[in-house]
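Please read the following report alongside the sequence and the coordinates.

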Amino acid sequence: MKRSCLFGKRILALGLSAVLLFSAFGCSSQEGSASSPSKAKGRYVEAELPLPLKNTSALALSEQDGKLKLASQEGVYESADQGKTWQETEKLSQAVKELFSTNYYSPLGAWSPNGSLMVSCAEENAEHNGEICRYFLFDKDGARRELKLELPELNLDDSESFTMADPSDSVSVDLPSASSVSGDGDGGQRDGDDAATDVVSYTPVNSLSKFQFLSDGSLLGLDANGEIHHIDAQSGKILHTLKAGPEMFYDNFTATKDTLFAMDSNSRMDLYDLSTWGKKAADNVLNGFLSGDSGDKTDDSEPGLTYTYTNNGFTQIAGSLTLFADHAGETLYLCTSDGVFRHIPGGSTMEQVINGALNSMADPSVTMENMIETSSGSFKALSWKQQNDGTSSSTLFSYDYDPNMDAVPEKELKAYALYATDELRQSIALYQKSHPDVYINLELGLEGSQSADGENAVTDSDALRTLNASIMAGKGPDLLFLDDMPVENYIEKGLLSDLSELTKNDDLLQNIVSAFQSADGKICAVPTRFTMPFLNGKSDVLSSVTDLKTLADAVEKLRTENPKVKSVTGLVFPFPLLEVLYQSCAPAWFKEDGSLDREKLLEFLTEAKRIFAADHEENLSEDDSLTLSLSSFGELAGVGLLSNSELLALDTLSSAGGFSCLMTVNDKLDGYSYAPLPGQVKNTFIPTRIVGVSAKSTQQEEAKKFVEFLLTNEIRSQDNNSGFRINKNALKAELQEKKETGGGFGLMGSDGEFFNLELRSLTDSEIDGLLETIQGLTTPVLQGMIHETVLNEGCSCLMGEKSPEDTVDSILKKVNLYLSES
Amino acid sequence: MRRKHKKSQWSGILFLLPSLLGVSFFVLLPFLDVVRRSFVSAVTEEWVGLKNYRDTFTNPAFQLACRNTLRFSLICIPALLVLSLLLGVFLQKLCILGGTLKTAFLFPMAIPVASIALIWRLVFENRGILNGALSQIGLPAIEWMDSPMAFWVLVISYLWKNLGYDIVLWMAGLSGIPATIYEAARIDGAGEWMLFRRITLPCLLPTAFTVSVLSFLNSFKVFREAYLVAGDYPHESMYLLQHLFNNWFRDLSFDRMAAGAVMVCLVVLGLILFLRKSLEEE
């Protein structure tokens, strides 16, 4: 008995040990299997189809009787070959053209199941001092009738009683009132003729922002109050109105043949029965997918979605979301930048049908507007695509299933960045489009790590430590986007491959591309963009400024001569002032042994304090401080000077648009010009969008091809403030586009007064002058821990909380500790 | 008889084996890799001999961190051992009330590190509770976290958090001393001080070794609070070896980190062996 008991215990112990062993192996990483290349075949492949449109955008796309139907202001077209060729319809097209031959313009359209077309038209209305929306219904034969909708009045808060500038896509920036400054100084005078004042006020009228026909021919429409109306398409009478919960509104919807899916402002989907118009039970799978809260979902193999946080703490899918039903009207599809997902109402899964990372869906310059599934099982998507000149146009994409294509591209390049930019996502999307066999898997160190309050739950340092651990474990990325990373450390440690072969290209600005060139000639990190600090002022002031000290002298002199000017530079807060001065001084602070030069740093803070003290009135109001601080950055370079409350612009030039703005501003001022900002160092620039290839990567060639692609002329559509391109052709093209397109800004003074700044074309000599200035830039300025410490500590100095000497001591203590680690 | 002894020896080994395997896989083998890395460059893994050791040893940040860590250990550990022993003896005498107070002393261990960091901030910020109290009584504010006071904040935090744990350990040792020895000594006329010096202290020597080693190892954990409050670069007085290693990890300086880790490990091992030998001799 005793013996059998002992035996039983041994068996039990053995069993438990086995369980322990299996669970230990069960916990081991699945990476091995996940990273092995997938041999599965078949995926949807994207192709761009031609559109028969010249000047306007498409309004609606549908498939009826096996033919694609496309409506636009230019006419109505049909395609019998799935969008490869288009033929204009006769009567309907004429009728639509006739409508738009007057001054209407149309933002929306929808096809009904019986082939009739509804469009909305925005029309100027003198009674409302603005636009009203009208709705027209065309039958198959082109007969037109207006649908009078009795929409409820628009709910407006008091704060939304509008006073607006021209409703075109202009940027509005508050500026201090020009009239509040007397013109006794020698500051620039605003040209009253060019900067015309134009104040418009109107009360917006409720209208439909989206509409869709149901299978019975009735209409669903979403209005500006966020309510969905079921409308009789014959009489225009509202049959049912659906409202979201308290404090919420609907902002998207679609309908299958029996269910309406209405998405509210908290990213929850309400379901309505289309026969009873009663609310159905919530679809938890769908809601979990939309809000990023998938309950107990633990399957890592499910596609990752990109979510963002709303102001009230809810999560929602990042970017635009397109909802549509399948051809039979039974299944719901959702299209995001992550791809197309299928959900059968009441089902337990969200199935990814198309991976957005492998096509234009991930391209931030593309917005999917209208998507359909055709009877052949392919998808067609009407989208808005931002063009190189900043305008948008319609594009038609087709997604057809190719059973022979690898489900996942054969080659996978791992890329790492702390955060993504639109340009980075666009570059990846473009590269993958031109290299269908390559999949670039972008891992972000900081994004997606937000806590519920929207703050990042990990710091840069935490993210870098995680990255380093994966690099040392041999699982690191092939490509590194090095902004805000310790680039110099990585180069010194030999982590980055030499890219000098890629930079031997006359098209590249060699002075910029070699920003990280080491003594042995290797270039292990390459900036793809750069910015430069500049000074814009009267020519005599400009010629008197040769370094930081003379800059401080000039600011003090201008203050003495113009005692009533609110701010000499517009930099009324210490941080932006120190930021721009840092960019023209930092390289001077380092001794040959790498330590910081106390005297130079002290000089920097002393002169910065002088500039700050002389810059603005002592008791500048909070409103003026805020409006002044908003007056000039990036695309708005120098505009603060127009308000007559600034005399000198110290800023960072980072885009063709900004340069164009600066030139336009200088036209309106007497004798103004620009130059690189002279500080303790001259001709500085800031390398940005830095890229490197990991020396540990086993796909060196493929990774270098992508870097080469980044340096080409091909990616230049995002003319944002991340800097000028280092490819001369791309840069010239960007400047030339500004020469051709111009554009403008609506600017608002603090008294509510508007004036328009129409950007003029750049002249060839201005473009050549800028290129010459850029080619003269010699000293890269790097940012990192020192930048952060100097700016943080320097603010207390400028605010008078610490003396420059104490501040320098404090900076040196921290920075020297950092420097001594290396 | 001999067979039985052999069998029990095997049983002992079998009991030890799972733990030994775990320590070997998760500690000893990785540490061997650390030793290897201390002789090669960080990324390219080229053989560099003793260069990493030279670089690390001459590195000013390493020297500062070593000095601070040593100073911290020399101040904190004796203070903690003495304070916890005295409190342990005192609580032992209080019987029932002692149990309640012991629980109260253990309370800081139950507070999550993030909460402690938050409390630190509330208390020691320039405009925090402590400076508020100082200004109430007309004293000037002190930059607690950005002056040499930061070191003492760290010391007090360590003592506050670990006192309860050490008290429990001491009390466990105290409860193992037979009451009859005390009674016999009292009959012989020994006073309280004599009892403590001649009976309690000698009987607690085996416990002292455990408490010292655990206190020393726990002293490394104070970094978590320091990091959460002051980040990568705190005031130089509280810049510890863990700060340096943490920053070297961020900067991919695995070569120096490995050399530093080997040196620290040797020092810690030496200290533990020395302590054991000293206590054994006593």
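## Interface of chain B and chain A

A salt bridge is taken here as a side-chain nitrogen of Lys or Arg within 4 Å of a carboxyl oxygen of Asp or Glu. By this rule, one salt bridge is found across the interface of chain B and chain A, and it joins the side chains of Arg465(A) and Asp232(B), with an N to O distance of 3.7 Å. The model is predicted, so that local features need pLDDT of at least 70 and side-chain atom pairs count only at pLDDT 80 or more, whereas totals for chains, interfaces and linings use all residues. Side-chain values use heavy atoms, without hydrogens and water, residues are numbered from 1 along each chain as its sequence is written, and chains are lettered from A and ligands numbered from 1 in the order in which they are written.

Between chain B and chain A there are 15 residue pairs in polar contact, with both residues at pLDDT 80 or more; a polar contact is a pair of N or O atoms within 3.5 Å, where within protein one must be able to donate a hydrogen and the other to accept it, and residues adjacent in sequence count only if both atoms are side-chain atoms. On the side of chain B that touches chain A, α3 (60-94), α12 (241-250) and α13 (254-281) each supply at least two residues, and α12(B) gives the most, with six residues. That side has 14 nonpolar, six polar and nine charged residues, where Ala, Val, Leu, Ile, Met, Phe, Trp, Tyr, Cys and Pro count as nonpolar, Asp, Glu, Lys and Arg as charged, and the others, Gly among them, as polar.

## Helices of chain B

Chain B has 13 helices and zero strands, helices being DSSP runs (H or I) of at least four residues and strands runs (E) of at least two, numbered from the N terminus. The C-alpha atoms of chain B fill a box of roughly 75 × 70 × 30 Å along the principal axes.

Helix α2 (residues 51-58) of chain B packs against α3(B) at an angle of about 65°, with the axes 5 Å apart; axes are lines fitted to C-alpha atoms, for helices over the stretch in contact, and angles run from 0 to 180 degrees between N-to-C directions. In this contact (heavy atoms within 4.5 Å), Thr56(B), Phe57(B) and Thr58(B) of α2(B) meet Pro60(B), Phe62(B) and Gln63(B) of α3(B).

## A helix pair in chain A

The axes of helix α5 (residues 422-434) and helix α16 (residues 700-710) of chain A come within 11 Å and cross at roughly 115°. Ser427(A), Ile428(A), Leu430(A) and Tyr431(A) in α5(A) meet Glu702(A), Lys705(A), Phe706(A), Phe709(A) and Leu710(A) in α16(A), a contact with six nonpolar, one polar and two charged residues.
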